[in-house]
Each structure stands twice: as structure tokens, then as C-alpha cells.
Amino acid sequence: MIIQTDNLVIHCVDYRIIEKLHTFCNNKFKKYDLLTIPGCSLKLKDDMYNYCKENIDTLIKLHNIKNIIIIEHENCLAYINYYKNITNTNEIIEKQDKNTNILLNKLKIDFPTLNYSNYYIKLDGNIISY
Ligand SMILES: [Zn+2]
């Protein structure tokens, strides 16, 4: 049996964004699966890439996933903790953009038929689409 979910949203665990992120996803995607990991692309781009890939493989089979949506967020503490020399929001955004692109490029090689999009959610709930 396959459940048609279509969308997999990959995001950080931060409680400050969860409710706003779900509101956005409910309005935008209706049905979606979630892959939640501290720091999102920061972790998934390299040391946890296989974990990410295996879960996408599974969700393609079980839920017929067609779209991958990566959502980074404002003031991610995983980034601040990892990059000790980061001092402002713009520097975090630069790192998040870079790491999201690394992850997207890897995924596009392993899953070339899927569609990809990425967003940035601010702590006030505003969403920036890329
Ligand atoms: Zn975070």
C-alpha cells in the first residue's frame, strides 16, 4: 500500500519555528512528511547525508514523495554553535545558503527525478522563498 504524500519537508528541530512552520506547510503543501534534524542542512549535507538519503528512499517507496522542501530558519543555534566565529544573522544566512546548496546538489544527483525547493523562515513566522 502506498500513501500519496507528495512532499517531504526537511527542517531544524527548533521549537521557536515549529508551529509557524506547520502553519506554512499546512497552507502550502496540505500533505507532507517531515524529516527533522538539528541544524537541518548543516548536519545533513555531510555526516548525516546517508541518513537523509535512506529516509528519502523509504518515503519515495511508502509515500510516493515527489517534492523535497528544505526550510532553514533565522538564528539557528546549531549554526552558532558549530561556526564559533559567526557574529551576525547575515553570516548565518550565508552559511545556511551554502550548506543548503551543497545538500540540494547531492540530492539532485541521487534523486534526479524529484522536485526541489527551499525556504527560510524567520522567527516571526515570515517565510522567504528561494
Ligand atoms: Zn535550528
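How many bridges join β1 to β3, and in which sense do the two strands run? In this predicted model, the two strands are joined by 5 bridges and run parallel. Within this pairing, Asn-7 has Asn-67 of β3 as its bridge partner.

The pairing of β1 with β3 belongs to an open sheet of 5 strands, arranged in the order β2-β1-β3-β4-β5 with mixed pairing. From one strand to the next, the twist averages 25°. Strands β3 and β4 pair through 7 bridges in the parallel sense, and here Ile-69 stands opposite Ser-117 of β4. By contrast, β4 and β5 run antiparallel and are joined by 3 bridges; Ile-121 is placed opposite Ile-127 of β5. In general terms, strands of a sheet pair through backbone hydrogen bonds, in either a parallel or an antiparallel manner. Strand β3 is largely enclosed by the rest of the structure, because 5 of its 7 residues are buried.

Helix α1 (residues 15-28) lies across β1 (7-11), β3, β4 and β5, and runs at about 135° to β4. Helix α5 lies across β3 and β4, with an angle of about 165° to β3.

Helix α5 comprises 22 residues (89-110) and reaches 31 Å from its first C-alpha to its last, close to the 32 Å expected at 1.5 Å a residue. Its buried residues are Ile-92, Gln-96, Asn-99, Thr-100, Leu-103 and Leu-107. These residues lie on the same side of α5, because they cover an arc of only 110° around the axis. An α-helix has 3.6 residues a turn, so residues three or four places apart point the same way. On the other side of α5, the exposed residues include Asn-90, Lys-98, Asn-105 and Ile-109.

The largest nonpolar core contains 22 residues, of which Leu-8, Ile-10, Cys-40, Ile-70 and Ile-71 touch the most other members. At least two residues of this core are supplied by each of β1, α1, α2, α3 (49-63), β3, α5 and β4. When residues up to four places away in sequence are not counted, Cys-40 touches Ile-10, His-11, Cys-12, Ile-70 and Glu-72.

The loop between β1 and α1 contains Val-13. This residue is partly exposed, because 13 other C-beta atoms lie within 10 Å. With residues up to four places away in sequence not counted, Val-13 touches Thr-36, Ile-37 and Pro-38. Val-13 and Lys-106 are separated by 93 residues in sequence and by 22 Å in space, C-alpha to C-alpha.

Technical notes
Residues are numbered from 1 along each chain as its sequence is written. This is a predicted model: local features need pLDDT of at least 70, side-chain atom pairs count only at pLDDT 80 or more; totals for chains, interfaces and linings use all residues. Helices (H or I, at least four residues) and strands (E, at least two) are DSSP runs, numbered from the N terminus. The expected span of a helix is 1.5 Å times one less than its number of residues. A residue is buried if 20 or more other C-beta atoms lie within 10 Å of its own, exposed if 12 or fewer, and partly exposed in between; C-beta atoms are placed from the backbone. The arc is that of the directions from the helix axis to the C-beta atoms. Two strands pair if DSSP finds at least two bridges between them. Axes are lines fitted to C-alpha atoms, for helices over the stretch in contact, and angles run from 0 to 180 degrees between N-to-C directions. Two residues are in contact if their C-beta atoms, placed from the backbone, lie within 7 Å. A nonpolar core is a set of buried Ala, Val, Leu, Ile, Met, Phe, Trp, Tyr and Cys residues joined through C-beta atoms within 7 Å.
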